[in-house]
Amino acid sequence: MKKHTVYHVTILFILLISLFLITGCGESEPSSSDRTPTASPQSTAADNTAIIATPAPSTATPEAEATDPEKQTLSDEQLGKPFPADLEGVELLFSQDYETDLAFEDITEQGENINIVNGKLGLCLDPDGNYIDSWAGWGLDVLCLLDDYEQYELSFELQSFKPAEGKSAWDSFFMGAFISDCAAAKPYYTNANEIADGFWVTFTNETEAHVYFGGINWPNPLVSVSIPEGFDTAKRLYVITNQNGVSYWMDTAAGEQILLVSAVFSENDSTVTIYDGSGQSVWSGANEIDRSVGGFFRAFNHFCPTQIDNLLLKAY
């Protein structure tokens, strides 16, 4: 009986030792699947930190800056004035030197007496430069939306004459801004059901400019202002539009850049005030222009020989 008892005890002892060893190994040697959850949160946290931190510098890329609503805007000193030549951010949207007939692909014509004459756009002139007693007009087929740019600048070299002394105020070269239709609008009533819109100012060789506003009082100008020089010789005319209104500038024969006339809209668009070049208010009344939709630049030449050259349209 002792032999059997010793034998059984021995077997039991061996079994207990084996069970202990198996259990101990399982605790000290976790499988690879057991190790992964412990290491994964640490590496994931590190990776996420890197991923989150990386995009921050990339928000300063040129593409992001171009669409950033906080990007630099024109200062009060720059608004309503021709762009300085060295101003960064100005874009050239259109240019034309009128050296070929391709110029007519870029404008909408009105009337038949528009020709290229010696490398210039001639209004009321035949191809040889002879005056034709009539009217003509053109529109620059570029819609200037104030949601796209803060300010637009149209400029060109202008030379225009009244064909005779004593001609009426409306026998002039009209330059219009905020026009709703670049193909049809004129600065007067075209028929019983159509009224011209926009803001128009006349320029000729005379030292007086006449203002027309949305067909009001045609054929008499709404108001007239004196200007230092006429356009008896080719001088650059500037037309500036922005959310505040529209202004007209010129380069004098001496190269000085001066303001000729401007119109400023009230903040709620209900009224407009017109100023002469010295900043003196000369008229104020109801505003007929919706500046929120922008508009076209349009010219209308009424019974006077006129030439235009080196046209530029810029925006900021």
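This is a predicted model: local features need pLDDT of at least 70, side-chain atom pairs count only at pLDDT 80 or more; totals for chains, interfaces and linings use all residues.
Local features need pLDDT of at least 70 and side-chain atom pairs count only at pLDDT 80 or more, while totals for chains, interfaces and linings use all residues. Residues are numbered from 1 along each chain as its sequence is written, and side-chain values use heavy atoms, with hydrogens and water left out.

Me: How many salt bridges does a search of the whole structure find?
Reply: Side chains of opposite charge can pair when their charged atoms come close. A salt bridge here is a side-chain nitrogen of Lys or Arg within 4 Å of a carboxyl oxygen of Asp or Glu. Searching the whole structure gives a count of four.

Me: Is Glu77 buried or exposed?
Reply: Glu77 pairs with Lys81 in a salt bridge, N to O 3.5 Å. Buried means under 20% relative accessible area, exposed over 50%, and partly exposed in between (1.4 Å probe, protein chains only). Lys81, at 31%, is partly exposed. Glu77 has a relative accessible area of 58%, so Glu77 is exposed.

Me: Which strands does the salt bridge between Glu157 and Arg236 tie together?
Reply: The closest N and O atoms of Glu157 and Arg236 are 3.8 Å apart. Strands (E, at least two residues) are DSSP runs, numbered from the N terminus. The pair ties together parts 79 residues apart in sequence, because Glu157 lies in β6 (residues 151-160) and Arg236 in β11 (residues 235-242).

Me: Which residues are linked with Asp232 in a network of salt bridges?
Reply: Asp232 is partly exposed at 35%, and Lys235 is buried at 7%. Their closest N and O atoms are 3.5 Å apart in a salt bridge. The network links Asp232 with Glu229 and Lys235.

Me: What is the relative accessibility of Ala315?
Reply: Ala315 sits in strand β17 (residues 306-315). Contact means heavy atoms within 4.5 Å. Beyond its neighbours within four places in sequence, Ala315 contacts Phe83, Gly89, Val90, Glu91, Leu93, Tyr149, Gln151 and Tyr152. Ala315 counts as buried because its relative accessibility is 0%.

Me: What separation do the C-alpha atoms of Ala315 and Tyr149 have?
Reply: Tyr149 is among the contacts of Ala315. The two residues are 166 residues apart along the chain, yet their C-alpha atoms are separated by 6.2 Å.

Notes
Helices (H or I, at least four residues) and strands (E, at least two) are DSSP runs, numbered from the N terminus.
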